[in-house]
Amino acid sequence: MLATTVRITRDLDAAEECVQDAYSRALATWAEQGIPANPGAWLTTVARRRAIDLGRRRDVALRSQRLLVTDEIAEPLRETSSGIEDDRLRLIFTCCHPSLATDTQVSLALRLLCGLSTTEVARAFLVKEAAMAARITRAKKKIMVARIPYRVPERPELRQRIDAVLTVIHLVHTTGHTSPVGDRLTRVDLVERSLDLARMLRGLIPNDNEVASLLALILLTDSRRVARVGDEGQFIALADQDRSRWHQDSIDEGLALVSESVRSGRAGRFTLMAAIAAVHASSPRWDETDWAEIVGLYDRLMEVWPSPVVALNRAAAVSFASGPLEGLGALDELSSEPQLSAYPYLAAARGDCLRRLGRMRESREMYEEALLLTENAVERRFLQSRIDEIKG
Amino acid sequence: MAEYLVLIYENEESWAKADAETFGQMMAGHQAFGEKNAAALRGGNALEPSSTATSLRRNASGEFVVTDGPFAETKEQIGGYYLINAADLDEALAVAKQIPAKFGGVEVRPVREMH
């Protein structure tokens with residue numbers, strides 16, 4: 001609805017006002033006349049009419065907007081679902097435009113695509129509400145003043161632009177899957193918003209492997225949500241999870257999407273990440289995990305998306321495929337990576353390899369280093385329990 | 001249509017060290033850019049190095065203080081600009097991407113519309 005209205009107003013604030021206005025009119029009208037057959041279309045029509053009115057009354061100086069409005073009136077009000085979907089897709093590309101900072105893209109996606117309030121977006125990223133409100137206001141102003149277009153990019157650019165959208169959705173998901181701070185391991189609200197966004201995008205761009213794969217990756221990762229946390233709120237590592245608690249519907253849906261993507265053509269970064277998640281999801285037990293397959297997939301991922309974090313995950317997989325000594329060797333190569341210097345999972349992975357090698361004193365030092373870098377209470381307890389085991 | 005000012009920021013030291021061939025290539029690049037984008041171009045110029053710049057600021061008592069050099073000392077300095085017409089930011093960026101800026105990059109700023 002917002003997506004459709006903003007096409008007319010070309011101004012996000014005005015569009016939001018029109019939508020709110022439509023809701024308040026709905027309350028009054030529906031109370032008298034009953035709920036219409038298609039409430040969504042009713043609301044959208046009212047919001048659009050309001051937007052057109054608003055446009056008419058605007059300053060003459062806004063001639064370009066006038067033109068848009070006039071075009072719109074000439075066109076009969078069309079309420080086909082495909083029209084609304086096109087609008088939504090345009091709004092996604094506006095929110096994830098590369099001329100906006102990534103943090104801003106994520107905030108706008110949550111605010112405008114998921115409909116979270118500014119307060120909720122601020123809470124999601126643990127920033128002050130005033131700061132988030134300022135960030136969103138600045139972004140809306142930039143969209144208007146710099147004329148960030150409200151349209152689906154054309155071919156030569158499309159691939160890159162879809163990738164930017166996928167990055168934003170993935171970031172919402174990872175932030176939710178393991179919250180960087182706080183006393184809960186998972187931020188269910190963010191995980192679900194990322195799932196909504198991935199589904200929305202999949203519906204809008206049905207024939208893209210990377211789009212399908214991101215949805216698969218989120219489904220497969222999230223299928224373990226309940227099994228990752230024990231009765232006392234403690235973190236349970238993948239090796240120790242009760243796999244019967246994994247959410248089978250999510251796994252089935254995710255696996256179907258992955259196999260579709262893997263079969264058709266060159267695998268991108270999300271396809272490979274989803275394929276790795278699929279190996280875990282289809283392994284009945286931890287000690288039946290096909291680690292050689294996982295290392296092979298990480299090797300391919302390093303080719304299309306070389307990053308220290310991918311290298312770290314690959315090294316951890318090597319420690320299970322070839323043994324903790326080989327894993328430790330691969331991890332040691334990463335110790336001078338500036339990007340990983342404050343990344344607790346490097347120290348934790350080294351601690352794990354050292355523990356499995358029986359080098360307890362060194363292992364404990366590594367877990368202690370990881371503890372210093374971790375702010376999530378559930379992860380802290382997990383690391384502390386490892387340290388206590390070694391002490392005891 | 002809207003106007004955008006594209007500011008070209010480049011490393012002046014690299015420019016100073018550039019040989020005649022590099023210089024010639026850059027000039028030819030700008031020439032080609034200008035011809036290809038004639039419809040969008042509203043103007044543009046190359047500037048003398050920032051060592052020739054003079055900056056003016058007012059001090060606490062409101063008097064002008066004249067300083068030798070650019071307003072902000074940065075590694076990359078404005079070496080030229082283009083004023084372009086574009087329907088939206090994507091169109092402006094597509095034009096700006098074609099500007100040769102071997103020793104730096106460009107900044108695209110929407111021109112404020114005065115009503």
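Let me start with where the two chains meet: the contact takes eight residues from chain A and six residues from chain B. On the side of chain A that touches chain B, five of the residues are nonpolar, one is polar and two are charged.

Keep in mind that this is a predicted model. For chain A the mean pLDDT is 86, and 90% of its residues reach 70 or more. Residues 59-80 of chain A are another matter: pLDDT stays under 50 there, and the model has 21 contacts beyond four places in sequence for them. Where pLDDT is low, the predicted coordinates should not be read in detail.

Now the core. The largest nonpolar core has 112 residues, and A:Ala109 and A:Ala274 have the most contacts inside it. Domain 1 (1-79) and domain 2 (290-392) of chain A each supply at least three residues to this core. Leaving out residues up to four places away in sequence, A:Ala109 touches A:Cys95, A:Cys96, A:Cys114, A:Val168, A:Val172 and A:Leu197.

Helix 11 of chain A, residues 209-222, is mostly covered, with 14 of its 14 residues buried. At 1.5 Å a residue, its 14 residues should span 20 Å, and the end C-alpha atoms are 20 Å apart, so the two agree.

In chain B, what encloses helix 3, residues 89-96? Six of its eight residues are buried, so the helix is largely enclosed by the rest of the structure. Those buried residues are B:Leu89, B:Asp90, B:Ala92, B:Leu93, B:Val95 and B:Ala96. They pack against strand 1 (2-11), strand 5 (76-86) and strand 6 (104-110) of chain B.

Methods
Residues numbered from 1 in each chain as written. Chains lettered and ligands numbered in written order. Predicted model: local features only at pLDDT ≥ 70, side-chain atom pairs only at ≥ 80, totals over all residues. Helix = DSSP H or I, 4+ residues; strand = E, 2+ residues; numbered from the N terminus. Expected span 1.5 Å × (residues − 1). Buried ≥ 20, exposed ≤ 12 C-beta atoms within 10 Å, placed from the backbone. pLDDT = per-residue confidence, 0-100. Contact = placed C-beta atoms within 7 Å. Nonpolar A, V, L, I, M, F, W, Y, C, P; charged D, E, K, R; others polar. Core = buried A, V, L, I, M, F, W, Y, C linked by C-beta atoms within 7 Å. Domains from an automatic or database assignment.
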